[in-house]
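Colleague: Put the model up, please. I will ask what stands behind each term.

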Amino acid sequence: MSSIVEIKNLVRAFKMGDETVKALNDISFTIDPGEFISIMGSSGSGKTTLLNILGCLDKPTSGEYFLDGTNVGKLSKNELAALRNRKLGFVFQSYNLLARTSAIENVELPLLYNNEISAKERKEKALSALEAVKLTNRMHHLPSQLSGGQQQRVAIARALVNDPVMILADEATGNLDSRTSYEIMMLIQELNNVHGKTIVFVTHEPDIASFTKRTITLRDGRIIKDDVNNNVRKARDVLQNLPVLTE
Amino acid sequence: MKITNLLRIAWRAIQRNKMRAFLTMLGIIIGVAAVISMIAIGQGSKQSIQSQISGMGSNMITIRPISNVTGGARMDNTSVQALSEPDVVALQKHPQYLNAVSPSLSARGQAINGPYNWSTSLQGVSPDYLSIRGWPLQDGNPFTNQDVKTAAKVCLVGQTVINNLFPNGEAVVGKSIRFKNIPFKIVGVLSKKGENTFGQDQDDVILTPITTVQKRVLATIYYQTIFASAADENSTEKAAEEIQQTLRISHRLQKGTDDDFTVRTQAELISTFSSTSRILTILLAVIAGISLVVGGIGIMNIMYVSVTERTKEIGLRMSIGARGTDILMQFLIEAVLIGVTGGLIGVALGITAAKLVTTLLHWPTLVTQASVLLSFMVCFATGVFFGYYPALKASRLDPIEALHYE
Ligand SMILES: Nc1ncnc2c1ncn2[C@@H]1O[C@H](COP(=O)(O)OP(=O)(O)OP(=O)(O)O)[C@@H](O)[C@H]1O
Ligand SMILES: [Mg+2]
């Protein structure tokens, strides 16, 4: 089994009183190593629900989900936690950094929940993750002393630090202006191209999706489109062509 | 999860909110400080009372007859006919644990020197009495065993008696005084002993040979009390047992009958005092308990607030791989750290307060290891007990809901 994600006939239903809402309805797809996928769709189409399941935060109501060969549906809560810790990285729209905690300590956080990692390794890994997001010069800054884009880069470093098989991002550029969004996309493209990270990126902006290699579009919990993007834009180029602001 | 990592996480969380952590600790700090300092004061005064009691002669053993009830009328000590010369002789034959034995019999009356008179007590004893009480003479010499044999009319006088009968400060050895119209020659002066633990003036006494009181004053062959001193402090209990056996034989008491005398050691006297201070200690413990419960509720309250406030953080931690137990332990350790840190500060503050009381008020204080250890353990337990429910609540959060909590 060479694919990282294998989803077969997956359904996620929520019971609301007597009604059941199927947020995801019979979804099947696979993700191979090194892919960079965007998940698109209008509000309420099930993007976050899908990402939660991909991220092992939630379990399918029916259908199957294999993550890196593991059948997620059969795992206990603690096993799910361990899987998230070892195999996944999350990037959120609102960064979710611990307040009053330095950048490096925020990045270290996932490794504190891994017994196999010594304090020395933890420091080294956190440093190299910060290096990958080009923030070593801000390692002792607190979140409140960082810009939105920098905070999101710390969050990306935190998602990288445990060397996950897949990074999941939910509207990771949703709180940022377009220039900063492009900078983040440039960083993520680099992680994908240079470091070979597999990335799933939820967004409802087609502009952002155009930086990814493949786009899955949802509507009412079903996949209505699953296209390979033949014309991936390079965030670096877009940034260079942005008009420079002058006062 | 490694305990060091848990500690690190909890400690960082406290560090992030120092002021609040401190305010939460305040209840514990004040409670522990109060307990430590009050126990220190209690122990200090207890110790000083103990040293006062042992100042009366810590090896001293007191034997008294039990006043039995006859015809509904309780007879006074003098008429209890239980202790007499054969008892003293019997005790002197068992010297393994006993250094000295002295009978004692007191009579109250008026002592007169010319125009001065003073109501005091005449206590008949043997020469050994002075060593039993650890009571040196200030002047003159003690009376002798020969004086006891002849029921000599000689006496040793206490300071209070001298002050009242010889107010002009002249030398008194060799002078005569009258007690109940019997002339006594003063052969020695007792050094000042002061008040005893019960506030009685120990210097208000005239000592004379036991036989003199028996024959010339009270006309009795019995004793009120027998004083003895154990060979050393550690063997007092053993000595008391031996005395009991010896006296039972000398009184020909059948098996199964009660003793007609009591044997008291200084240790028992001390324990009588300890029982009063035990009540005080229980009271203190109750106050301590209340203040620690109040402190604990403070911790619980803040931990609940903290869990709610940090719901998003909990969601994040879960999303990056924290298990329910990790979260539980994090908050539990946080609560315990707050409790224990508060306890530490409280102990330091309590010791300082005790020191201040000693230097400023000159009260004796004694900080015991046990009180420090105990308050520390109680703080730990308080943290665990009051931190558990908030921590459990945190550990049971759903990661998705927690992440989206605003
Ligand atoms: N915990 C829940 N309980 C009940 N219904 C839910 C729950 N979570 C999601 N839903 C429903 O599932 C559907 C999909 O929700 P989801 O959050 O996945 O949408 P989304 O595509 O992420 O939307 P948006 O772009 O606004 O973030 C919605 O109709 C939503 O109401
Ligand atoms: Mg969403």
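Colleague: What is the strand order in the open sheet of four strands in chain A, and what is the pairing?

Modeller: The order is S2-S1-S4-S5, with antiparallel pairing. At the edges are strand S2 (19-31) and strand S5 (70-71) of chain A, each pairing on one side only. Strands are DSSP runs of E with at least two residues, helices are runs of H or I with at least four, and both are numbered from the N terminus. This is a predicted model, where local features need pLDDT of at least 70 and side-chain atom pairs count only at pLDDT 80 or more, while totals for chains, interfaces and linings use all residues. Residues are numbered from 1 along each chain as its sequence is written, chains are lettered from A and ligands numbered from 1 in the order in which they are written, and side-chain values use heavy atoms, with hydrogens and water left out.

Colleague: How do you know that strand S1 of chain A pairs with S2(A)?

Modeller: Pairing takes at least two DSSP bridges between two strands. S1(A), residues 5-16, has nine bridges to S2(A), so the two count as paired. In one of them A:Ala13 stands opposite A:Lys22. Another puts A:Met16 with A:Glu19. The two strands form a hairpin with two residues between them, and A:Gly17 in the turn has a positive phi of about 70°.

Colleague: What joins S1(A) to S4(A)?

Modeller: Five bridges do, and the strands run antiparallel. A:Lys8 has A:Glu64 in S4(A) as its bridge partner.

Colleague: Which helix lies across S1, S2 and S4 of chain A?

Modeller: Helix H1 (residues 47-54) of chain A, at about 120° to S1(A). Axes are lines fitted to C-alpha atoms, for helices over the stretch in contact, with angles from 0 to 180 degrees between N-to-C directions.

Colleague: Why is one side of S6 and of S10 in chain A left without a neighbour in the sheet?

Modeller: Their sheet is open, with six strands in the order S6-S7-S8-S3-S9-S10 and mixed pairing. S6 (88-91) and S10 (222-228) stand at the edges with a single partner strand each, so one side of each has no neighbour in the sheet. Neighbouring strands here are turned by 20° against each other on average, direction ignored. S10(A) pairs with S9(A), residues 214-219, over six bridges in the antiparallel sense. Helix H5 (residues 148-160) of chain A lies across S6 and S7 (166-170), at about 170° to S6(A).

Colleague: How many residues of chain B are in contact with chain A?

Modeller: 25 residues of chain B touch 27 of chain A, with contact meaning heavy atoms within 4.5 Å. The buried area is about 2,400 Å², 56% of it from carbon and sulfur atoms. B:Arg12, B:Arg16 and B:Ile320 give 26% of what chain B buries, more than any other three residues. Buried area is the accessible area (1.4 Å probe) that two parts lose on being put together, summed over both.

Colleague: What makes A:Glu105 and B:Arg12 a salt bridge?

Modeller: The rule wants a side-chain nitrogen of Lys or Arg within 4 Å of a carboxyl oxygen of Asp or Glu. Here N to O is 3.4 Å, so the pair qualifies. Between chain B and chain A the count is two salt bridges. On chain B, helices H1 (3-16), H10 (311-319), H11 (324-361) and H13 (399-403) each supply at least two residues of the side touching chain A. H10(B) gives the largest share, six residues.
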